[in-house]
Amino acid sequence: MIKRSFIGLIKPRMRYQAIELTPPEPRKIPAPKQVTLLLNEPYDPFGQGKSPQLKKGDPIKTGQKLALYEDSDAYVVSSATGTISALSALIGDFGRSYTAISIDVAENEEIDEQFPALVKDTSLETVKHFLTFIPGNLPDVILSPNGSSTPIETIVICGVDRDLLITANQHTVVKESSSVKRGVEILKQITGIDNIIIASPEHLMQDAGLSGAEVRVVNPVYPASLPKLIMRDLLGRVVPAGKTCEDLGVAFISVQAVASLGKAFNEGRIPVYKHFNLINKDGTSVLVSAIIGTPVRDIFAAFNIDAGEKDRIIFGGPMTGESIYSEDHPIQPDTDAVMIQDQKSLALVSDYPCINCSECIPICPAKIQVNMLVRFLEVGKYQEAADEYDLYSCIECGLCSFVCVSRIPILQYIKLAKYELGRISRAEETNV
Ligand code: SF4
Ligand code: SF4
């Protein structure tokens, strides 16, 4: 899988995992005793004059829309039937605040009737009000294509997987072609955008073609499937430093979200099962299907995986995934992989200084002088890193961290720097 150069003069070539042409069905995890849904709105137990919509003990149906307050835009969709057992604050990466809604799952499932009653109305409003929490996650930009500075003109469906050892999107291309086709029709209808492209691995071109979107082939070598490289290689458009694909009128959506959209309207109920890869301690990867909100603990139990205290659990793939710190952490609509690494084989990060070996420079697809950038990041000089060493050109592929002989967590430094600069800039805008 990972072919490292034995003399370090050639870039390591890491090929994406290619799914078989007739892949087996994902292993289905039974419904857990409790699901936890992460709502993207801070929890305020006192409500501060707002009218709370949820409380402990409330009965909940599968497919029911759950919002904290009457006037909240943020909502989740319950993936199970049961009773709310807790509402609590949860702080995620970089201090992001969520409300964790825990639901004790009942034996008998009841489907909420609100979405099924509207299923004949394939409008943007219906999608906005019920389908932003579907497996694969609907990005905001799809729901407001004219809301950004540049109106969206092109939608790119990612039929490729973003990281190594992951096949969840490819599986959807092969096994859910009729849902994807319906999803593409709905996307066209609700956005008014006809220019829809599906980015596919070469071996799945035929399956991808069934979607009705224009097929373009992605290079099988990492990190070609990251959006900014798809923009450059498949659309011939370079995203300038500090700009996003949306700024150039292009929106990205995962093929799983497109299939979920199609399935919701085809079947008249909101899908709740998320496909993702479970990457075990020995590096083997297996496709799994579990309802959104299932705790990681239940996934490990189904595979007899014993998570030791010092083992590392990661959401996402080996290059760009992020650590989580509790087996209670739930599967999210955008979880494409859960990886566990044995503490004995962990590639530990260090606080050794950069030794200027230059390994990170030729590997960087954004041609950043990473050895210089890292010097500013290590001492918290984020603005200088942005002004002088191209911080905002970084596409967050993680290749520099992978090759760094000093084991400096460069990607994490980069993400932290961007987050801090974003926070400062938002605070300045608010105080103007
Ligand atoms: S993560 Fe590292 S290698 Fe990748 S684009 Fe950013 S600086 Fe370059
Ligand atoms: S690979 Fe690591 S040690 Fe080598 S130059 Fe880059 S940051 Fe420095």
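Please keep in mind that the model is predicted. Let's start with the layout. The protein is divided into three parts: domain 1 covers 34-112, domain 2 covers 120-267, and domain 3 covers 360-431. How far apart do the C-alpha centres of domain 1 and domain 2 lie? They are 28 Å apart.

Now the sheet. Strands of a sheet pair through backbone hydrogen bonds, and the pairing is either parallel or antiparallel. Here we have an open sheet of four strands, and the pairing is parallel. Read across the sheet, the order is β12-β11-β10-β13. Which strands stand at the edges? They are β12, residues 214-217, and β13, residues 250-254. Each has a single partner strand, so one side of each is left without a neighbour in the sheet. From one strand to the next, the twist averages 30°.

Let's zoom in on one pair. Strand β11 runs over residues 195-200. It pairs with β12 in the parallel sense, over four bridges. For an example, find Ile198: its bridge partner in β12 is Val215.

Next, two helices. Take α4, residues 168-175, and α8, residues 255-267. Their axes come within 8 Å and cross at roughly 40°. The two helices are therefore oblique to each other. Who makes the contact? From α4 come Ala168, Asn169, Thr172 and Val173. From α8 come Val255, Gln256 and Ala259. By class, this contact has four nonpolar residues, three polar and no charged.

On to the ligands. Ligand 1 is surrounded by 16 residues. Which of them are closest? They are Cys364, Cys394, Cys397, Leu399 and Cys400. Two helices, α13 (399-403) and α14 (410-431), each supply at least two residues of this shell. Helix α14 gives the most, with three residues. What is the shell around ligand 1 like by class? It has 14 nonpolar residues, one polar and one charged.

Now ligand 2. There are 15 residues around this one. Cys354, Cys357, Cys360, Asn371 and Cys404 come nearest. Which helix gives the most to the shell around ligand 2? That is α11, residues 370-378, with three residues. The shell around ligand 2 divides into ten nonpolar, four polar and one charged.

Cys354 and Cys357 are among the nearest to ligand 2. Find them in the structure, and you have found both ligands. Thank you.

Key. Residues are numbered from 1 along each chain as its sequence is written. Chains are lettered from A and ligands numbered from 1 in the order in which they are written. This is a predicted model: local features need pLDDT of at least 70, side-chain atom pairs count only at pLDDT 80 or more; totals for chains, interfaces and linings use all residues. Two strands pair if DSSP finds at least two bridges between them. Axes are lines fitted to C-alpha atoms, for helices over the stretch in contact, and angles run from 0 to 180 degrees between N-to-C directions. A residue is near a molecule or strand if its C-beta atom, placed from the backbone, lies within 6 Å of it. Ala, Val, Leu, Ile, Met, Phe, Trp, Tyr, Cys and Pro count as nonpolar, Asp, Glu, Lys and Arg as charged, and the others, Gly among them, as polar. Angles under 35 degrees count as roughly parallel, over 145 as roughly antiparallel, 65 to 115 as roughly perpendicular and the rest as oblique. Two residues are in contact if their C-beta atoms, placed from the backbone, lie within 7 Å. Domain bounds come from an automatic or database domain assignment.
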